[in-house]
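Subject: Structure handover

Hello,

The sequence and structure are below. My notes on what was found follow.

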Amino acid sequence: MTVMALHIPDGFLSGEVAAVAAVGAIAAVLYALRVAERDLDEARVPLLGVCAAFIFAVQMLNFPVAGGTSGHLLGATLAAVLLGPWLACLALAVVITVQAFAFADGGITALGANVLNMGVLGALLAGFAIRALLPLLPRTRAAFLGVVAGVAWLAVMVGAAATSVQLALSDTVPLDVTLPAMLGVHALIGIGEAAITVAAVGAVLAARPDLIALGGVPAAEDRIQGVPA
Amino acid sequence: MRSAFVLAALAVAIGLAVAVSPFASSSPDGLNKVAEDKGFIDTGTVHRLQEDSPIPGYAFPGIGDDRVAKGVAGFVGTLGVFGIGFGVAFVLRRVRGSSTARAPGASS
């Protein structure tokens, strides 16, 4: 039996593609560190840790989807809702880096691509999309969770598409071969992502609504807004 | 109250990793399934740095029972990720505190 790996292993991507993805991931993490220096308050120090730990744990819970395939939470949307988009990038980078080095899950040269596809892209998409959509919607729990569900699904699809494009640019497999297959299976995995994300956000909303960085509480929303360009 | 939430959430995470993950689906995930179907799974390699991974493939070494090995890996991993995440945030918070003390508004 081969080692169970869930993320992009080394060898799937060319050196050039892996390097470009790594530059993108590193740039996002460096910017996130600056935002964190400014915006990280006392409450979000343990919250970042527990959010990363929860995502790590739930990523181990592969659920079956069609045809002998499984899926697992990516968690970028959950992190973005709880921490805001940039702190979410940091939380996901911690999770995926630990998985690569301690658990041999996801490659070392592919680490940047994994952080980009499963973390940065999803967290920024989710964070900024939710922030943009909320003022257009009624301020109800159902509307908020509905947006969270839709964005969680979309974040998985974007990650799957990005992976397909990187595989094609690496000459590993053509885009017209992988993209439909990746999007097809991740359309189902995204439903699981949406369900888990809504369950977790719903639980936090019930227990501690003040910990929701995006949406729930206007004061919290204001605090994390306005990252200087 | 604040730490009560953190402890409860951490307990849920550890509970899931220890008690539920051993029973999770062992089918290949989306990417691996596509890689098998489209014939590029064999291009995957294990990096030299990963040959000595402490807990390769979410199986804690030296434990015969696969499910126990995965549960223990989940326990160690979840606590470890919490510690690293907390530590990173703690250091950043300290950095922020000291830079604010030196020059208000300076963020780098």
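Helices (H or I, at least four residues) and strands (E, at least two) are DSSP runs, numbered from the N terminus. This is a predicted model, in which local features need pLDDT of at least 70 and side-chain atom pairs count only at pLDDT 80 or more, while totals for chains, interfaces and linings use all residues. Residues are numbered from 1 along each chain as its sequence is written, and chains are lettered from A and ligands numbered from 1 in the order in which they are written.

Helix 6 of chain A

Just after helix 6 of chain A, A:D171 has a positive phi of about 60°. The helix has 29 residues and should span 42 Å at 1.5 Å a residue, which agrees with the 42 Å between its end C-alpha atoms; the expected span is 1.5 Å times one less than the number of residues.

Helix 6 (residues 141–169) of chain A packs against helix 3 (residues 76–83) of chain A at an angle of about 135°, with the axes 8 Å apart. Axes are lines fitted to C-alpha atoms, for helices over the stretch in contact, and angles run from 0 to 180 degrees between N-to-C directions. The two helices are therefore oblique to each other (under 35 degrees is roughly parallel, over 145 roughly antiparallel, 65 to 115 roughly perpendicular, and the rest oblique).

From helix 3 of chain A, A:A76, A:T77 and A:V81 meet A:V148, A:V151, A:A152 and A:A155 of helix 6 of chain A. Contact means C-beta atoms, placed from the backbone, within 7 Å. Six of these residues are nonpolar, one is polar and none is charged (Ala, Val, Leu, Ile, Met, Phe, Trp, Tyr, Cys and Pro count as nonpolar, Asp, Glu, Lys and Arg as charged, and the others, Gly among them, as polar).

Core

The largest nonpolar core has 109 residues, and A:A79, A:A91 and A:L92 have the most contacts inside it. Such a core is a set of buried Ala, Val, Leu, Ile, Met, Phe, Trp, Tyr and Cys residues joined through C-beta atoms within 7 Å; buried means 20 or more other C-beta atoms within 10 Å of the residue's own, with C-beta atoms placed from the backbone. Helix 4 (residues 85–103) of chain A gives the largest share of this core, 14 residues. Beyond its neighbours within four places in sequence, A:A79 is in contact with residues including A:C51, A:I55 and A:A123.

Chain B

Chain B has three helices and zero strands. Of its 108 residues, 32% count as buried. In chain B, 55 residues are in contact with 62 residues of chain A. Helix 3 of chain B supplies the largest share of that side, 17 residues.

Regards

Key:
Contact = placed C-beta atoms within 7 Å. Buried ≥ 20, exposed ≤ 12 C-beta atoms within 10 Å, placed from the backbone.
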